[in-house]
Amino acid sequence: MLRYQGKICPMIRKIVEKAKKDAVGWTPIWHGDSEYSQFSITDGTDTYAVNLIARSCACRKWDLSGIPCAHAITVIFYNQANPDDYVAHWYRLVYNVYFFVFFLFYEMNIMIMLAEFSVSIQLVGNKSSWIHMII
Ligand SMILES: [Zn+2]
């Protein structure tokens with residue numbers, strides 16, 4: 001995982017690349033906002049509303065998955081931006097490495113605590129003294 005040089009995870013990369021291919025044939029219509037974030041996307045039959053700032057599309061795929069859909073990617077390309085920048089942060093490699101390291105240390109702490117606990121049990125004494133301690 002550390003050898004991967006891209007910004008987003010390889011599995012998510014495949015989904016984004018497929019959405020890029022599916023973006024062909026859609027036409028963005030800018031709604032006139034100052035941030036160039038609100039658009040309608042149409043292929044002549046269907047129309048969806050996309051908001052880049054809200055990271056939302058009327059098809060709901062982007063809202064639910066955190067991965068830009070083909071409609072959103074059409075708008076992102078229209079704005080000459082990078083679709084990777086619109087993928088949710090939890091799919092980014094930096095976060096995954098961070099969580100991997102965090103859980104690695106978390107597991108190590110638990111193992112150290114268990115080791116200390118087992119040592120403390122050994123220091124308590126023999127079985128006959130346990131009965132006197134309980135009573
Ligand atoms: Zn969509």
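**The enclosed helix and its surroundings**

Author: Let me begin with α3, where seven of the nine residues are buried, so this helix is largely enclosed by the rest of the structure. A residue counts as buried if 20 or more other C-beta atoms lie within 10 Å of its own, as exposed if 12 or fewer do, and as partly exposed in between, with C-beta atoms placed from the backbone. Helices (H or I, at least four residues) and strands (E, at least two) are DSSP runs, numbered from the N terminus.

Reader: Is this predicted or experimental, and how is the numbering done?

Author: This is a predicted model, in which local features need pLDDT of at least 70 and side-chain atom pairs count only at pLDDT 80 or more, while totals for chains, interfaces and linings use all residues. Residues are numbered from 1 along each chain as its sequence is written.

Reader: What is the average pLDDT of the chain, then?

Author: The chain averages a pLDDT of 83, and 64% of the residues score at least 70; pLDDT is the predictor's confidence in each residue, from 0 to 100. Over residues 1-5 the pLDDT is below 50, and this stretch has four contacts in the model beyond near neighbours in sequence. Two residues are in contact if their C-beta atoms, placed from the backbone, lie within 7 Å.

Reader: Back to α3: which residues are buried there, and what do they pack against?

Author: The buried residues of α3 are Ala70, His71, Ala72, Ile73, Thr74, Val75 and Ile76. They pack against α1, β1, β2, β3, β4 and α2 (61-65). Val75, for instance, touches Pro28, Phe39, Ile41, Val50 and Leu52, leaving aside residues up to four places away in sequence.

Reader: And how many residues does the largest nonpolar core have?

Author: That core has 21 residues, and Val50, Ala72 and Val75 have the most contacts inside it. Two or more residues each come from α1 (10-22), β2, β3 and α3 (70-78), with α3 giving the largest share, five residues. A nonpolar core here is a set of buried Ala, Val, Leu, Ile, Met, Phe, Trp, Tyr and Cys residues joined through C-beta atoms within 7 Å.

Reader: Changing topic, what order do the strands of the sheet take?

Author: The four strands form an open sheet in the order β1-β2-β3-β4, with antiparallel pairing. Both β1 (27-30) and β4 (56-57) stand at the edges with a single partner strand, so one side of each is left without a neighbour in the sheet. Strands pair if DSSP finds at least two bridges between them.

Reader: Which residues of β2 are on its covered face, and which on the uncovered one?

Author: Phe39 and Ile41 make up the covered face, and Gln38, Ser40 and Thr42 the uncovered one. Four bridges join β2 (residues 38-42) to β1, where Thr42 is the bridge partner of Thr27. Five bridges join β2 to β3 (residues 47-51), and Phe39 stands opposite Val50 in that strand. In the hairpin of β2 and β3, which has four residues between the strands, Gly44 takes a positive phi near 100°.

Reader: Last one: where is Asn79?

Author: Asn79 lies in the loop between α3 and α4 (93-124), and is partly exposed, with 14 other C-beta atoms within 10 Å. Although Asn79 and Tyr36 are 43 residues apart in sequence, their C-alpha atoms are 7.5 Å apart in space.
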